[in-house]
Amino acid sequence: MTSKSRRAESKDHPALQLRSILIKNYKIIDNLKIEFRKPNLPKDPYVTVLGSENGQGKTSVLESCALLFLAIKDSKSDRNSWLRFLEMEGYSDLAIDPFDLTVRAGTKAATIHGEFLLGSEIFSVTLNWERDGIKVEFSKRPEQLDLLFEDLGPHSASESLGLFL
């Protein structure tokens, strides 16, 4: 067991669990809701298996989960580095708009909504992509989140993704 997982399981640092995710108009996904259920037996691991043919959105589901965790990790920042990464700030010379890479063709916006459990506290995070950028909304921000991430320090977007995958 790594020090990260021991810290997440300690009384001072309860585990952060994604309980459900709702994805609308993100890449290939039209509308998808997944509930991550608790295992039946106390010592069983939390495991979810995704399976389908290629090109059906499995990677988009994993990306959506990672984006929610990144939003939580960087929620105290004024302007999150991972948002700038997603919006590709500074790449105005690209032939394609980043919006067109993430929002399902023919729609005006994409939404990723996650419900989380931290200790005994439930909260949600919503990411909304629109043509003018990405907006992040919290139902509330549990103070315990600061404790959960205090030892991790600042990370780039790609380094932060590695913390959760």
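User: What should I know before starting?

Analyst: Residues are numbered from 1 along each chain as its sequence is written, and side-chain values use heavy atoms, leaving out hydrogens and water. As the model is predicted, local features need pLDDT of at least 70 and side-chain atom pairs count only at pLDDT 80 or more, while totals for chains, interfaces and linings use all residues.

User: What is the strand order in the sheet, and which strands stand at the edges?

Analyst: Strands of a sheet pair through backbone hydrogen bonds, either parallel or antiparallel. Here, strands are DSSP runs of E with at least two residues, helices runs of H or I with at least four, both numbered from the N terminus; pairing needs at least two DSSP bridges. This open sheet has 5 strands in the order β2-β1-β3-β4-β5, paired antiparallel. At the edges stand β2 (29-35) and β5 (133-138), each with a single partner strand, so one side of each has no neighbour in the sheet. β1 (residues 16-26) pairs with β2 over 6 bridges, and Ile-23 stands opposite Leu-32 in β2.

User: How many salt bridges are there, and what does Arg-19 pair with?

Analyst: Side chains of opposite charge can pair when their charged atoms come close. The rule asks for a side-chain nitrogen of Lys or Arg within 4 Å of a carboxyl oxygen of Asp or Glu, and the count comes to 4. One of them joins Arg-19 to Glu-115, with the closest N and O atoms 3.6 Å apart. Arg-19 lies in β1 and Glu-115 in β3, so the pair ties together parts 96 residues apart in sequence.
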